[in-house]
Amino acid sequence: MNIVVEKHPKCMATLRVEIGAEQVARMRNSIVDTFAGQARLPGFRPGKVPRKVIEQRFRQEIAQELDERLVREGFEEALRREDLRVLDFGAPKSPRHQPDGAFSFSSELVLAPDFELPEYKGIEIEVPRAVVTDEMVEEQLGRLRERFAEFLDIDDRPAAEGDFVVIDFTSTLDGQPVEEAIGRPAGFLGGREDYWLKLDPEVFLPGFGAGLAGMRPGDERDLTLPVPDDFPLAAVRGRELVFHVKLNGLKQQQLPELDEALATRLMPDRTLAEVRDTIRAGLQAELEQRLGEFKVDRVVEHLNRQVSFELPEHLLTSEIQDQADAMVERGVRAGMSEDEISSQQGEIFNAAGRQAQLNLRTHFILQEIARAENLEVSDRELFVHLANVARRRRQPLKKLVAELRHSNRMPAIRNSLLVGKAIDFLVAQAIVREIEPPEPSAQPEQPEQPEQPEQPEQPGPTEPTGQPWPSEPTEQPAPATPATTVEPTPSAADE
C-alpha cells in the first residue's frame, strides 16, 4: 500500500492512498465468500450458490462493500504508518479502480494541532487566603435585611444622598437623542420611566446622583455630565450627555431591626446566632468553590501563555458561532431587544472569536497533557457521571444513554471527563502560595470576566439599584473545553 500525506497550514493535510491489485483482489474474494455463505436464493441450497451467480446477483452490493473496506483499510494504515492524530478524515475523493486492478483515493484530513507541551507540573500560582470575616457575614446579613425593607414616602424635605428616587429621564448628545446620535440602541442610557435609583456616587454616571440632590417630587432638572473613558458603551466615552430628569417619587429605605424576630423571618426556627453561622458556612463553601475555579483559571492562563499553535479552521468557525449564539442568548434572557443585539453584532463576534481561540487552545493542551500522563476515563466513571446527570434531570438512565448514543454524543462526554481529569491533575501538581486578599470579600480576584451583551433588569420597589447602561461583550478566561464538547446539551443531559 502506497501512502502519501501532504501537510498544510491550519491543521489540514491531504492523504493519498493507492492499494495494490493483489490486496484488492484478496479483499474482493473475501467479500464474495461472505455473500456466498449468507445468500439465500431460490433453487440453491444455503452456502451452495455458485460464485458467478453471487457476483452477478450482488454486483452493486459487492462493489460498494469493497470500496468502503478499501477506504477504511487505507485510513487505518495511514494512522499506523504516519502516527497521525486525525480529527476528521473527510469524505474520500476520486475513488478509482485502476486498469491494473489497483485502487486509489484521496481525502482532506483535519489534524489535531502539533505542538510541544510546556512544563506543566509544579505551576506556581498565588491565591487569596480563604477566610470568611465577621465583616463579610454582617454584609451578607445586611443584604438579607434589605429584602424585608419598606420604602416610605418622603414629603418633608428634598432628596439627599442615600435616598431612593423614582424618576423619568431622557438623554441627548449634541442636541440629539443619544440613540439617534450614535446610530445604535443605548439601552437604559437612552432613557427610562419610573426608574428606581439610589442616590449614591457609585451608581449610574459620576455626578448623576449628586445632581439630583435637593429635588422634590414634581421637580425637573437638566444635568450635563461627562462620560468616563472606561464607560462600557464605547460610542459615548469621553463625551458630554445632557439628561432631562423628572422626579416622580422620593423614598426612604426603612430596614427591619436586626433581632430574633428578623431571624425567624429569614430562617424559621433559627436564632440570630444560628442565622449568622449558616451565612458563614455558606460564604465559606462559596469562597472555597471560587478559589478552586480561581486555581483552574490561573493554571490554564499560565499554559496558554507558554504555547501557541494553529487551530483547525472548521472547528474554530464552529466554536465562534457557538460562543456568539451563547452571548446572544444571554442578552435575550437579560431583556435586550433584537435591535440592541444587532447593533452589537460586530463586538459580539469579535469577543466570540477571542473566546473560541482560548477555548480550543486550552482544550488541545489539556488533551495532550491527559495523553502524556496516560489519564483515562473508565466505563464505570462514565456510568457514574451519566447516572448523576439522569438523576438531576429526573430521567431514566437508559433513556438518557439511548439519546446520547443516537446523537453520537457519548465520545464527547467521555472526552469532557478526561479533560476534567487533566485539570484536576494540574491543580494537584501546582505549587499554591496563599496571599492575603487585598480587601475582605467572599469573592477572590478573578481574571477579567466578560461583560455580557445584556442590560440590567429594571429595579422594582423591593430592589432599587442603578446600573442602567448596556455593557459590551469582552473576552472571558478560557474554560476547560470548547462549548461544542463540554457536556451533553439540555436535550441530552445536564451538565
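Predicted model: local features only at pLDDT ≥ 70, side-chain atom pairs only at ≥ 80, totals over all residues.
**H9 and H11.** H9 covers residues 313–333 and H11 covers residues 345–372. I read an angle of about 125 degrees between them, with the axes 8 Å apart. The crossing of the two is right-handed. I then looked up the residues that make the contact: from H9 they include Leu-315, Leu-316, Ile-320, Met-327 and Val-328, and from H11 they include Ile-348, Phe-349, Leu-360 and Phe-364. Sorted by class, the contact of H9 with H11 has 13 nonpolar residues, six polar and one charged.

**H4 and H8.** Next I took helix H4, residues 134–146, which packs with H8 at an angle of about 110 degrees. Their axes are 10 Å apart. Because angles of 65 to 115 degrees count as roughly perpendicular, I noted H4 as roughly perpendicular to H8. On the H4 side the contact includes Asp-134, Met-136, Glu-138 and Leu-141, and on the H8 side Leu-272, Arg-276, Ile-279 and Arg-280 are among the residues. I listed eight nonpolar residues, one polar and four charged for the contact of H4 with H8.

Which loop holds Asp-269? I found Asp-269 between helix H7 (260–266) and helix H8 (272–306). Asp-269 is not a glycine, yet its phi is positive, near 65 degrees. Asp-269 is exposed, with a relative accessible area of 77%.

**H3.** Helix H3 runs over residues 59–82 and has 24 residues. I checked its reach: 34 Å from the first C-alpha to the last, close to the 34 Å expected at 1.5 Å a residue. Which residues of H3 are buried? I noted Ile-62, Leu-66, Leu-70, Val-71, Gly-74, Phe-75, Glu-77 and Ala-78. The buried residues of H3 pack against strands E1, E2, E4 (93–97) and E5 (103–111), and against helices H1 (21–38) and H2 (51–57). Just after H3 comes Asp-83, with a positive phi of about 50 degrees.

**Back to the start of the chain.** I also looked up Lys-10, another residue with a positive phi, about 60 degrees, and not a glycine. I recorded these phi values because most residues other than glycine have a negative phi. Lys-10 sits in the loop between strand E1 (2–8) and strand E2 (12–19). Is Lys-10 exposed or partly exposed? Its relative accessible area is 41%, so I wrote down partly exposed.

Methods
Residues numbered from 1 in each chain as written. Heavy atoms only, no water. Helix = DSSP H or I, 4+ residues; strand = E, 2+ residues; numbered from the N terminus. Buried < 20%, exposed > 50% of the residue type's maximum accessible area, 1.4 Å probe, protein only. Expected span 1.5 Å × (residues − 1). Contact = heavy atoms within 4.5 Å. Axes fitted to C-alpha atoms, helices over the stretch in contact; angles between N-to-C directions. Left-handed = near helix turned anticlockwise from the far one by under 90°. Nonpolar A, V, L, I, M, F, W, Y, C, P; charged D, E, K, R; others polar. Parallel < 35°, antiparallel > 145°, perpendicular 65-115°, else oblique.
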